[in-house]
Amino acid sequence: MGDEWEPPIPAGYSDANRAFLQAFMARGTLTFREAQKVLAGIKGAIEDDDGAVPPQSITMADFENFVRSAREAVEPLDYDIRNTRDQVRGGERVWAFINAHSDPATQMGTARSPEEVAYIKRLLDAMFDQYNTPRMEVMAVDEGQALRVSRPTRRESNIHGNNNNNNGGGGEGSDAEGGDGDGDGTTTVSRGLKHSEVLSLLASLVAEGWLDKSRDGFYSLTPRALMELWSWLMATYNDPDAEAEWQHIKFCEACKEIVTYGQRCNEPDCTIRLHDICEDGFWRTRRERTCPKCSTPWEGNHYVGERAVTSRSGFQRGRGRKGRRSQATEAVEEEDEEEEED
Ligand SMILES: [Zn+2]
Ligand SMILES: [Zn+2]
């Protein structure tokens, strides 16, 4: 590249800027440490002095300048670069190259079949609706749960078959109930995915940076996916007219970003949530460790995210006894139902 370098074109947008944007788009996300390596490589190549630019010499201000130019370049195309902190991994800040008007089909669904796109939508429904209730805000699914939505319910499959229109969970076309035949042999009906297809799709969504898979085997959305799908998630799962009530998508009291992994108020009906990574700073500014809304002592032992399941005794027992995680999760679900009957 060194030999062919030409002076920057107008507005100061240089080959270095272009190379940075290409590297960013190819990766999808960058942490500052990763950006230091990328920018050191670019500078080394362009300055043509044997590539000897140490990554540590790249400052945050350097990086931010490159991000600013890249944002200006992609803005007319409805792309953006945003950053957020990783809720799970110690709060490291992550920058992501995103399409601000994304839905699951345009995002995780590019270059995938309609069946796979429909599955991804069912997977998100499982994360943000089915396994995200006022009592259990898991917002993650284990493998067994991910496999349980491998095929559409009969109603959904008929809806798809009838008008071929996935209208995003809210549509109640209930007259499709009671149709005969379960879809086998009928080409117009959505057949869903085989278990082996689900497993390979999940693996590729993890590899592409849309899903995280935890040590306990739970799948959840990555910071990148959350940034990209933020407005879609709100529009799909929240009720804008019920602001004071429990909502599927909730925000951190400290940083105001989405909480899918964090803590909840010990008062079950209270809607205050806090990231683990935000709590130190949050409590430092307060005299008492009590909920800012309902004043219940904040014990930090009620969770949002997979720990809503894994911290339960039923999960621990189930894992010890059976060794299989999905069964361990089922044990917690059963325990939860028993509690609800009291
Ligand atoms: Zn926060
Ligand atoms: Zn509270």
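Ser102 is partly exposed, since 19 other C-beta atoms lie within 10 Å (20 or more would be buried, 12 or fewer exposed, in between partly exposed, with C-beta atoms placed from the backbone). This is a predicted model, where local features need pLDDT of at least 70, side-chain atom pairs count only at pLDDT 80 or more, and totals for chains, interfaces and linings use all residues. Residues are numbered from 1 along each chain as its sequence is written, while chains are lettered from A and ligands numbered from 1 in the order in which they are written.

**Exercise 1.** Find where Ser102 sits and list what it touches.

*Step 1.* Look in the loop between β3 (93-99) and α4 (114-130); helices (H or I, at least four residues) and strands (E, at least two) are DSSP runs, numbered from the N terminus.

*Step 2.* Skip residues up to four places away in sequence, and Ser102 touches Gln107, Glu228, Leu229 and Trp232 (contact: C-beta atoms, placed from the backbone, within 7 Å).

*Step 3.* Now check Trp230: 128 residues from Ser102 in sequence, yet 8.6 Å away in space, C-alpha to C-alpha.

**Exercise 2.** Work out how α1 (residues 15-27) and α3 (residues 60-74) are arranged.

*Step 1.* Their axes come within 10 Å and cross at roughly 80°; axes are lines fitted to C-alpha atoms over the stretch in contact, with angles from 0 to 180 degrees between N-to-C directions.

*Step 2.* So α1 is roughly perpendicular to α3 (65 to 115 degrees).

*Step 3.* From α1 come Asn17, Phe20, Leu21 and Phe24, and from α3 Phe66, Ser69, Ala70 and Ala73.

Terms used:
Two residues are in contact if their C-beta atoms, placed from the backbone, lie within 7 Å. Angles under 35 degrees count as roughly parallel, over 145 as roughly antiparallel, 65 to 115 as roughly perpendicular and the rest as oblique.
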